[in-house]
Amino acid sequence: MIHHLDDRLREEARRYRLVFACPDCASFDPAESDDRDDGDDGDDRDAAPAGRAPRCSLGYPVAPHVSRSLDDRDEVIFCKAFELR
């Protein structure tokens, strides 16, 4: 869902702490180093490869949603699958 941003929406988003970006979503899988595993068993097979790009576990593109800033854009794109962490 695409919404045009104006000063009122920016102010309300700040006041009510509106979150909409991928890093705030339960489906977001951030890029992590290869030492993600807890290390207690010595098995790092489930650790993320070093340098892997952030991704959505549901397969949606993260580029339009990854920035939390409302100041440097004219519109905000809300993801239909967003689920607050």
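This is a short tour of the structure, stop by stop, with something to select at each one.

**Before you click**

You're looking at a predicted model, where local features need pLDDT of at least 70 and side-chain atom pairs count only at pLDDT 80 or more, while totals for chains, interfaces and linings use all residues. Residues are numbered from 1 along each chain as its sequence is written, and side-chain values use heavy atoms, with hydrogens and water left out.

**Stop 1: the whole chain**

Follow the chain along its sequence and the pattern reads β-α-β-β-β.

How much of the protein is buried? Of the 85 residues, 24% are; buried means under 20% relative accessible area, exposed means over 50%, and partly exposed is in between, using a 1.4 Å probe and protein chains only. Now think about contacts, meaning heavy atoms within 4.5 Å. Among those between residues at least 6 apart in sequence, 66% join residues at least 24 apart.

**Stop 2: Arg 17**

Select Arg 17, in the loop between helix 1 (7–15) and strand 2 (28–29). Its relative accessible area is 71%, so Arg 17 is exposed. Check its backbone too: phi of Arg 17 is near 55°, a positive value in a residue other than glycine. Most residues other than glycine have a negative phi.

**Stop 3**

Next, pick Leu 70, in the loop between strand 3 and strand 4. Leu 70 is buried, with a relative accessible area of 9%. Which residues does Leu 70 touch, leaving aside neighbours within four places in sequence? They are Leu 5, Arg 10, Ala 13, Phe 20 and Val 76.

Now select Leu 5, Ala 13, Phe 20, Ala 21, Leu 70 and Val 76 together. These 6 residues make up the largest nonpolar core, that is, a set of buried Ala, Val, Leu, Ile, Met, Phe, Trp, Tyr and Cys residues joined through side-chain atoms within 4.5 Å. In soluble globular proteins, nonpolar side chains tend to be buried together.

**Stop 4**

Pro 64 is partly exposed, at 32% relative accessible area. Not counting residues up to four places away in sequence, Pro 64 touches Arg 73 and Ile 77. From C-alpha to C-alpha, Pro 64 and Cys 79 are 9.1 Å apart in space and 15 residues apart in sequence.

Move along to His 65, in the loop between strand 3 (55–56) and strand 4 (75–77). Is His 65 buried or exposed? It's buried, with a relative accessible area of 7%. With residues up to four places away again left out, His 65 touches Ala 21, Cys 22, Pro 23, Ile 77, Phe 78 and Cys 79.

**Stop 5: the cysteines**

Show the cysteine sulfurs. A disulfide is a covalent bond between the sulfur atoms of two cysteines; here the test is a pair of sulfur atoms within 2.5 Å. How many disulfides does the structure hold? The count is 0. Cys 25 is in none, and its nearest cysteine sulfur, that of Cys 56, is 6.3 Å away. Cys 25 is also buried, at 8% relative accessible area. For Cys 79, the closest cysteine sulfur is again in Cys 56, and at 6.1 Å that is too far for a bond. Cys 79 counts as partly exposed, at 23% relative accessibility.

**Stop 6: the cavity**

Finish by selecting Cys 22, Cys 25, Ser 27, Cys 56 and Cys 79. Of the 14 residues lining the largest cavity, these lie nearest its centre. That lining divides into 12 nonpolar, 2 polar and no charged residues; Ala, Val, Leu, Ile, Met, Phe, Trp, Tyr, Cys and Pro count as nonpolar, Asp, Glu, Lys and Arg as charged, and the others, Gly among them, as polar. A cavity is a set of points on a 1 Å grid over the protein atoms alone where a 1.4 Å probe fits but cannot get out, and lining residues have an atom within 4 Å of a point.

Notes
1 Å grid on protein atoms, 1.4 Å probe; cavity = no way out; pocket = protein on both sides within 12 Å on 5 of 7 lines; lining within 4 Å. Helix = DSSP H or I, 4+ residues; strand = E, 2+ residues; numbered from the N terminus.
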